[in-house]
Amino acid sequence: MRRPISQRRHHKRRPFFLPKPLSYLKSEIRSAALSIWQDNWDNGETGRSTHDIVPRVSNKPVGWNREELMFITKHGPFPSYIHRFNLRTHDNCSCGEKGDPMHYATKCQFILSWHFQTLTVSLKLQWLKNILTNNLSRTRLRLLMLYICDDNNLIVEDNR
């Protein structure tokens, strides 16, 4: 049975001395953690397409929605992504070309009305950055991705 608070013995607490203010120590820990995270991000093997667009790590969100994230990371209802998990026998779109996000945004003959202006390979990264900084282009990209997610049976043949 516990004693009432008034009868408990209080152990002497020794004062704890911090050589720097707590706010300074928190700042140093945060800075060290971000530095380690940045090093892992720069030297990692995964997420390279995202790294090209967002090279600096941050605790602040990038402000992308689900559809934009699927396009940038190439994770979504794309044959090129689904094929990685052996859920498809090939990574081609129904039109015969590789079914990745860029294909649907610029080339696929089944969704011509959704196309963005064709880009050259050397300008691909700048093209993508421009889309993500232009509100009208971001809206078009979201609509394209919604179409692909909702109606992908029109552009991706099921061949399990």
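**Salt bridges in a helical chain**

The predicted model holds 2 salt bridges, where a salt bridge is a side-chain nitrogen of Lys or Arg within 4 Å of a carboxyl oxygen of Asp or Glu. Residue numbers start from 1 along each chain as its sequence is written. Because this is a predicted model, local features need pLDDT of at least 70 and side-chain atom pairs count only at pLDDT 80 or more, while totals for chains, interfaces and linings use all residues; side-chain values use heavy atoms, without hydrogens and water.

Start with the fold. The chain has 7 helices and 0 strands. From the N terminus on, the elements read α-α-α-α-α-α-α. Both kinds of element are DSSP runs, numbered from the N terminus: helices are H or I with at least four residues, strands are E with at least two.

Now look at Glu68. Its side chain meets that of Arg138 in a salt bridge, 2.8 Å from N to O. This pair links distant parts of the chain. Glu68 sits in helix α3 (residues 66-73), Arg138 in helix α7 (residues 135-150), and 70 residues separate them. Glu68 and Arg138 are both buried.

Glu68 also forms a salt bridge with Arg142, again at 2.8 Å, N to O. Here too the pair links distant parts of the chain, with Glu68 in helix α3 and Arg142 in helix α7, 74 residues apart. Together, Glu68, Arg138 and Arg142 are linked in a network of salt bridges. Side chains of opposite charge can pair when their charged atoms come close.

How do the ends of the second bridge compare in exposure? Glu68 counts as buried because its relative accessible area is 0%. Arg142 is partly exposed, at 24%. The classes are set with a 1.4 Å probe and protein chains only: buried is under 20% relative accessible area, exposed is over 50%, and partly exposed lies in between.

The C-alpha atoms of Pro79 and Ser94 are separated by 9.4 Å, and the two residues are 15 residues apart along the chain.

Finally, step back to the whole chain. Of its 160 residues, 27% count as buried. Among contacts with a separation of 6 or more, 42% come from residues 24 or more positions apart; a contact means heavy atoms within 4.5 Å. The accessible surface comes to about 11900 Å², and 54% of this belongs to carbon and sulfur atoms. Such areas come from the Shrake-Rupley method with a 1.4 Å probe; for residues, only the protein chains shown count as cover.
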